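Hi,

Here is the structure I said I would pass on. Have a look through it, and my notes follow below.

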Amino acid sequence: MTFDAPVASATVRFAWLHTGERATYNLFDSAGNLIGSNTIAGITDSVDPAITLTSSTGAAISRIEFTAPRAGDDYLINSIEFASSTSYPLTITATPSDIDYSESIASITVAVPAGATLSAGSANGDGTWTLPLTSSGSYSITIDPTTQGVSIGGLTMTLPGNPVGSLSVTVTATAQDGTDTESNSATITIGDTTAPETADVAVVANEDSGPITITLSAADTASSIANSPSPACR
């Protein structure tokens with residue numbers, strides 16, 4: 001079985017595998033490397049309880065091969081379940097920090113992992129998306145009347161499959177004061193990192209002394225992004 005997009009795991013039910021029979025599976029990554037295997041003993045000779053297949057290396061699964069290891073072993077695959085895509089809600093806030101509040105946010109762009117899409121905005125063809133600064137449907141824009149900070153809600157990032165490993169999201173905001181503009185970026189990595197629960201990261205810049213503050217935060221309580229809580233970018 002070959003997946004259209006790699007997955008972190010697959011849940012399988014074997015059928016007609018009695019207690020004396022065996023089923024073997026091998027897992028492969030996108031490069032064809034073996035990343036896991038096992039031989040399963042039958043239980044009921046009917047539809048056995050589901051088992052979850054995961055790689056032994058933490059790599060995503062691109063292909064599963066099922067075999068009957070011995071003469072006389074036979075069975076059916078009753079069902080295979082896996083995530084065809086995984087979505088992560090994002091919240092973004094960009095705040096000018098000029099003390100006279102004369103600046104406003106002119107644009108916000110988001111660089112996403114390969115293959116990811118956003119629920120709003122325009123894809124620029126280089127892995128970045130430009131977000132609209134007006135609300136539409138569930139996508140919401142709130143502008144602070146004092147600081148001119150922009151808060152974006154109702155935005156979702158979707159990736160094919162059930163991804164594993166670490167993924168990065170970079171937000172770039174541009175502030176404008178008259179004809180002067182200044183941009184700065186902040187990046188957060190979610191997934192398998194050395195510090196799975198990250199602290200907030202703040203970046204400040206302006207055309208004089210720092211008009212933009214962008215803070216992003218996320219938490220990953222498991223070893224795989226596929227099992228992590230939805231990240232928040234602020």
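**What I found**

Let me start with the strand pairing: β9 (residues 104-111) runs antiparallel to β15, and the two share seven bridges. Bear in mind throughout that this is a predicted model. Within that pairing, Ile108 has Ala173 of β15 as its bridge partner.

On to the next pairing of β15, this time with β16 (residues 180-190): the two strands are again antiparallel, with eleven bridges. Asp177 sits opposite Asp180 of β16. The β15–β16 hairpin has two residues between its strands, and Gly178 there adopts a positive phi near 65 degrees.

While you are in β15, which spans residues 167-177, click on Thr174. Is Thr174 buried or exposed? With a relative accessible area of 13%, Thr174 is buried, because the cut-off for that is under 20%. What does the Thr174 side chain touch? There is a polar contact, at 2.4 Å, with the side chain of Ser183.

In space, its C-alpha lies 8.9 Å from that of Ala5, although 158 residues separate Pro163 and Ala5 in sequence.

Most residues other than glycine have a negative phi, so a couple of spots are worth checking. One of them is Trp16, a non-glycine residue whose phi is positive, near 60 degrees. You will find Trp16 in the loop between β2 (9-15) and β3 (22-28), where its relative accessibility of 44% makes Trp16 partly exposed.

Gln148 is another: its phi is positive at about 65 degrees, and Gln148 is not a glycine. Gln148 sits in the loop from β13 (140-143) to β14 and is partly exposed, with 25% relative accessibility.

**Aromatic rings**

How many aromatic pairs does the structure hold? There are three. One of these is Phe3 with Phe82, in an edge-to-face arrangement with 4.7 Å between the ring centres and 75 degrees between the planes. Phe3 is in strand β1 (residues 2-7), while Phe82 is in the loop between β7 (76-81) and β8 (85-96), so this pair ties together parts of the chain that are 79 residues apart in sequence. Phe3 is buried, at 7% relative accessible area, whereas Phe82 is partly exposed, at 37%.

Phe14 and Phe66 make another edge-to-face pair, with 6.0 Å from centre to centre and 80 degrees between the planes. Here too the pair links distant parts of the chain: Phe14 comes from strand β2 and Phe66 from strand β6 (residues 61-67), 52 residues apart. Phe14 counts as buried at 3% relative accessibility, and Phe66 as partly exposed at 22%. Which residues do the ring pairs link into a cluster? Phe14, Phe66 and Tyr75.

One last thing to look at while you have the rings up: Arg63 lies over the face of Phe28, 4.1 Å from the ring centre.

Cheers

Notes: Residues numbered from 1 in each chain as written. Predicted model: local features only at pLDDT ≥ 70, side-chain atom pairs only at ≥ 80, totals over all residues. Heavy atoms only, no water. Helix = DSSP H or I, 4+ residues; strand = E, 2+ residues; numbered from the N terminus. Buried < 20%, exposed > 50% of the residue type's maximum accessible area, 1.4 Å probe, protein only. Polar contact = N/O pair within 3.5 Å; in protein donor to acceptor, adjacent residues only side chain to side chain. Pairing = 2+ DSSP bridges. Phe/Tyr/Trp six-rings, centres within 6.5 Å; stacked < 30°, edge-to-face > 60°. Lys NZ or Arg CZ within 6 Å of the ring centre and 35° of its normal.
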